[in-house]
Amino acid sequence: MKTAWRNLVRTAGYSTLNISGLAIGMGVALLIGIWVYDQYSYEKFLPDNGRIYRVLRNFNSNGDTLTFATVSLKLSDALRREIPDMEYVVEGDWMEEHGLVVGDKKLYVTGGMVGSDFEKMFQFPLLKGSFETVLRDPYSIVLTQGTAKALFGNDDPIGKTVRFDNMNELRVTGILKDLPSNTSFDFHFLVPFRYLELTDFDARSGRGGSFQENGFQIFVKLKRDANKELVAAKIRNIEHTETGNVNAMNSYVILHPMDRWHLYGRFENGKDGPGFLVYVRLFGAIGILVLLIACINFINLTTARSEKRAREVGVRKAIGSSRRNLIFQFLMESFLLTFIAFLVSLMLVELGRSPFNALTGETVAIPYSRPMFWLVMLAFVIVTAIIAGSRPAFYLSSFQPVKVLKGTEGYRSSLQVRRARSLPRKALVVLQFTCSIAFVISTIIIYRQIQYAKDRPSGYDLNRVLSTHKTADLEMDYPALKNELLEKGIVSSISTCTSPATGVWWHTNIEYWPGKHPGETVEMGTLYIDEDFFKTVGMNLKNGRNFTTRNDTTDVLFNETAIARLRIREPLNQMITWQGKKYRIIGVVGDALQYSPFEHAHPTMFFCKPNVQNFLIYRLAPTIKTQDALAKLAAAFSKYNPAVPYQYRFEDENYAAKFRLEVLVGKLSGLFAGLAIFISCLGLLGLAAYVAERRTKEISIRKVLGASVSQVWLLLSKDFLLLVLISCVIASPLTFYFLHSWLMKYEYRISIGAGVFIIAAILAMALTIITISFQAIRAALANPVDKLRSE
């Protein structure tokens, strides 16, 4: 240890380069490793998570299998009645915000209305209350710890009441521990589903409706001795008991395991596949590659300076050291340096953790209190030390003492021997820069793909358009609110819709349309709107007319994709049948990207039903400043909706959120590409310094004989530039292969041209020149007299 420390201090400059590169590499690997572990831990904190499933519906739309998470309430009754292998069946209605009022404290938060067995099934940790009884009373409510604190302060909330949506008083029967970040659920309260059935006609009629009414979620928990495959086979065609229902006959039910919800959320042809898992694996591989790049730095810098320690090895062997002793000595030096780098990496991770969490939306933290973490970190340090130090240890310990001390090996080794020994080092530099250049190419292509989709016409104008969830009070006073906002010049247009302008939350099928083939089914997005919707969101009418009044309830409009899907050549005044009623097509609107901006527009139909809508959508008047408008809107909404604080979302922000995953991948790729390039350049700087030092007298003689600064610079730079050029040649086809496969999952995508590879190559060469020029020019400008004086 003493010898290792002395060597580290004696070569402080190279040790600093080694520690810096290794610390950054280990920090990146550690941060990504914790994040990857967090992604794999989703729902693992829940007991019996392996027996819980979400019930999904696969729908055969003329050969295309579409998967939906919303199902019919009749299905839950059928599962309870016909499938004895299920321990619990729970209905759910999610993604809804509701007003909670206690005295003068008001909240408007997301919650769920769930079946009475919800807590028995999932067993989210209860701080107060019983799993058996918390959701038994239809007029009860279970709050999370944070919500209870916000409403009741430090008082005990059990038995007290909360006014719900300014309609009913619900009694608090339980307090849940706040949900951790590694769960797919996001709720601040739970209300029994029975309450929804007692107060909402649509939910109540859903029990007695048909399998066409698909608007809810169902979760099931199998008994311990149940066979999942057998249960899946039993429920597959359970909807087919609804005879004569085309929708039911063309769909089948599947089970989606809870441990696959987070990572396997992409469905193709009715089967789940890697969704977010693709990116988890991608960044896991990036973490390993960045660490490998840092280890290559250590290997190259250590072996490059081996000639400085050749005689040390010769003397040690001459006085009795065995090769095993020397290997242990050099591995000890590697371990010491790696341990110091690990301590630095912990500090780097702590510094970078908050920005990383802000970027990813996660709450990644280093689990210092867990013994298992330190055991894993010890293994991490040992493995990194072995990877980084094994080749230098075996290489240095292989020197033969007679040759070293006679000068035929080591510092005075022949040019041929030195070249042979430099080949592995050059190969590692090529590997290092191949990875770094691949990161750079990937970042450029991801950015171009995102920008390509952002530049695509969206089909509507969302500038200064806002949306607010419509409560019961706003529903009742909507005409008065609308008139006030328009008369005061706060908004130029206001409308209602069943979803935000940038989304479609409901899908149904059409029973009849002109030209329908026997047995053919088409499922499409369905929106309830009013006559001002298209004007408010800036969607253009392509054919026909808009709804004229709020009572225009027997007509329907389709978007262009829907008309093409139905194969209707002359759509105006044609009749369709939907939910047993006939509707007349009065117009066709342009396609709008209400789903993914990376996909083609989806077929959508619009009905005028103003009284059954969930959102107010309004466009600010062009003459008013945004901040002034928001202040006036808050006053107006508080007047007509006193029980709920004013809440709003800008619709252009909702649209931007559709790019969130791709933007996250692009930013992280860019960050790690920058770090990989930085680490590689650190190693290049060390190698350039070493080469300049080793060839000092050669450079001095060349200058005496008339060599210019540029000639000396080229002499020292050409080998490195050649290695980086080889890296570019290797990285380009590899990156093209993987990114082409990634792009193929997008319907709307860029093509990969040669330009991106040329840009990456130019960037890599420029960084290489900048990195090595400092050492090369300094060596070229040195006075040759100083170096040759002793000769």
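First, some ground rules. The model is predicted, so to speak of a local feature we need pLDDT of at least 70, side-chain atom pairs count only at pLDDT 80 or more, and totals for chains, interfaces and linings use all residues. Residues are numbered from 1 along each chain as its sequence is written, and side-chain values use heavy atoms, with hydrogens and water left out.

Let's start with the whole chain. Its C-alpha atoms fill a box of roughly 105 × 60 × 55 Å along the principal axes. There are 26 helices and 24 strands; these are DSSP runs, H or I of at least four residues for helices and E of at least two for strands, numbered from the N terminus. Of the 791 residues, 53% are buried, meaning under 20% relative accessible area with a 1.4 Å probe and protein chains only, while exposed is over 50% and partly exposed is in between.

Now the cores. A nonpolar core is a set of buried Ala, Val, Leu, Ile, Met, Phe, Trp, Tyr and Cys residues joined through side-chain atoms within 4.5 Å. The largest has 120 residues, and Phe-606 is among those with the most contacts inside it. Helix α22, residues 660-694, gives the most to this core, with 17 residues. A second, separate core has 22 residues, including Val-109 and Phe-164.

Next, please find strand β14, residues 465-469. Is it buried or exposed? Here 5 of its 5 residues are buried. Val-465, Ser-467 and His-469 point one way, and Leu-466 and Thr-468 the other. Strands pair if DSSP finds at least two bridges between them. β14 runs antiparallel to β23, residues 615-620, with 5 bridges, and His-469 stands opposite Phe-615. β14 is also antiparallel to β24, residues 649-650, through 2 bridges, where Leu-466 partners Phe-650.

A cavity is a set of points on a 1 Å grid over the protein atoms alone where a 1.4 Å probe fits but cannot get out, and lining residues have an atom within 4 Å of a point. Points are joined across faces, edges and corners, and volume is the space filled by probe spheres set on them. How many cavities of 30 Å³ or more are there? The count is 4.

Technical notes: On a 1 Å grid over the protein atoms alone, a cavity is a set of points where a 1.4 Å probe fits but cannot get out, and a pocket is an open set with protein on both sides within 12 Å along at least five of seven lines; lining residues have an atom within 4 Å of a point.
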